[in-house]
Amino acid sequence: MKTAGTGFRLAAALAVIIILITGGRPLREHRQFPVEIVCGPGVTEIRPLSHYLPALKDTPADTPVFILRGTETGGAALIMGNTHANEPEGMLAVAIMIENALVEKGTLYLIPFFNRSASLNTRPGEGYPLYFSLLTPWGQKKFRLGNRDASPLDQWPDPDVYIHYPEKQMLSYLDIRNTNRTWPGRRNGLPMEQVTFAAMELLRRERVDMAIDLHGAETMFPVTNCIVAPEKSMRIATLASLTVKSMEGFENHLESSPEKFRGLSHREIGDYSDTLPFLLEAPIPFLDQPTGAKTEQLFLDGRDDFLLSLAGQKKLFVPYDQSGWPLDRRVGQHLSVTLEIIRQFSRKTPERAVVIRNVPRYSEIVTKGTGSYFHHPASAEKDRVVKL
């Protein structure tokens, strides 16, 4: 009996080890998978975010900042994607700008993976795919699909209650790993607080005029398909919203940044710097709870029978039909609204203008596809390819 018991325990332990190895290998490969971005001719410099806070250096929280300086002096804009890495439309929009944009006046600061740790994280418990791929003229280009929050491998343990600095508001313990809850950050805080502190340092040191944070939200969530802005940014946001609706034919309404909800980029950036903040939300059906399986196809085309039924019952906050909400529409909206915010600011403040060309807008993305604007890393010079 004793020998049999020992044998059973050994067999059970071996089975557990095999399960852990089998299940853990895809997660490890995902964390180590390199997303390749080709620097276009407009990229004049790449520096790490740790340039603005050395404590981030050599950590998974550090992330590249791509700088595009124009030949003529002007203003500056910061555009951030993947604050929430399960909303990668913003990352794709920023990556398209990195690979294609040419700046004639002023400076662009582009961060495609703002919460890089979150991009290395996953949501396998909810059945999320680890990757998604885009069709390009040269083949399939593969990207990691990340999580909303930084990986616990990079920041642990979470506090029982997250107390926001410096406003002292009590937030969910998970929000300490959410870089849209840790603004304006702390120099000596936890890693995600340091990420937002470093970004605030960038804004202040580089005299950045506009900060645009690209997100996505559920179709059942009222704050979607919109620009979120505080009072100081609302005039520019209003002009941008009205222009894209009249000139490009898509809806993008306005939401006011709440004064009492702390940690948000569109609140804290405006309160703690001279920069005008904006947060853009595109509808992502993939994020809604009452959908079918969370497949790569659902992420790409945004078509779901459950949401179609709810649309018929007027339960959604965006128009929804058999065409769904494809990725190309979401990326295209981000690009058009971003460009329009910058254009409206530049018209209002010509001495601080930022003038950009060679970036596709909504209709071009919808017609040609998001993948059409990515260049083949194998055909680029090696020093112009960045692995993220």
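View 1. The mean positions of the 45 positive and 44 negative charges of the protein lie 3 Å apart, where Lys and Arg count as positive and Asp and Glu as negative, with His and the chain ends not counted, and where each charge is placed at NZ of Lys, CZ of Arg, CG of Asp or CD of Glu. The model is predicted, and local features need a pLDDT of at least 70, side-chain atom pairs count only at pLDDT 80 or more, and totals for chains, interfaces and linings use all residues. Residues are numbered from 1 along each chain as its sequence is written, and side-chain values use heavy atoms, with hydrogens and water left out. The secondary structure comprises 10 helices and 15 strands, these being DSSP runs numbered from the N terminus, with helices (H or I) of at least four residues and strands (E) of at least two. The radius of gyration is 21 Å, close to the 21 Å that the globule rule gives for 388 residues, so the protein is as compact as a globular protein of that length; this radius is taken over C-alpha atoms, and the rule is 2.2 Å times the number of residues to the power 0.38. Along the principal axes, the C-alpha atoms fill a box of roughly 85 × 50 × 50 Å. The accessible surface comes to about 17,000 Å², of which 56% belongs to carbon and sulfur atoms, as computed by the Shrake-Rupley method with a 1.4 Å probe, only the protein chains shown counting as cover for residues. Buried residues make up 55% of the 388 residues, where buried means under 20% relative accessible area, exposed over 50%, and partly exposed in between (1.4 Å probe, protein chains only). Of the contacts with a separation of 6 or more, 74% are between residues 24 or more positions apart, a contact being heavy atoms within 4.5 Å.

View 2. Trp156 and Pro157 are joined by a cis peptide bond with omega of about 0°, and Pro157 is found in the loop between β7 (139–144) and β8 (162–163). A cis peptide bond with omega of about 0° also joins Trp183 and Pro184, and here Pro184 sits in the loop between β9 (170–171) and α4 (191–205).

View 3. Although Lys168 is not a glycine, its phi is positive, at about 70°; Lys168 lies in the loop between β8 and β9 and is exposed, with a relative accessible area of 60%. Lys314, likewise not a glycine, has a positive phi of about 60°, and its place is in the loop between α8 (305–312) and α9 (327–348), where Lys314 is exposed at a relative accessible area of 75%.

**View 4. Arg262 and its surroundings.** Arg262 belongs to the loop between β12 (253–256) and α6 (265–272), yet Arg262 is buried, with a relative accessible area of 10%. Leaving aside neighbours within four places in sequence, Arg262 is in contact with residues including His164, Glu167, Gln169, Leu171 and Arg181, and also with Arg267, Glu268, Asp271 and Tyr272. Arg262 and Leu171, which are 91 residues apart in sequence, are 8.8 Å apart in space, C-alpha to C-alpha.

**View 5. Ile98 in helix α2, and the cysteines.** Ile98 lies in helix α2 (residues 89–100) and is buried, with a relative accessible area of 0%. Apart from its neighbours within four places in sequence, the contacts of Ile98 include Ile37, Val38, Cys39, Gly40, Val43, Phe66, Leu110 and Pro112. Cys39 is itself buried, with a relative accessible area of 7%, and Cys226 is buried at 0%. A search of the whole structure finds zero disulfides, a disulfide being a pair of cysteine sulfur atoms within 2.5 Å.

View 6. Thr107, in strand β5 (residues 102–111), counts as buried at 11% relative accessibility. Beyond its neighbours within four places in sequence, Thr107 is in contact with Ile67, Leu68, Arg69, Gly75, Ala76, Ala77 and Val354. His51 is placed in the loop between β2 (45–48) and β3 (64–69) and is partly exposed, with a relative accessible area of 43%. His51 and Glu201 are 150 residues apart in sequence and 9.6 Å apart in space, C-alpha to C-alpha.
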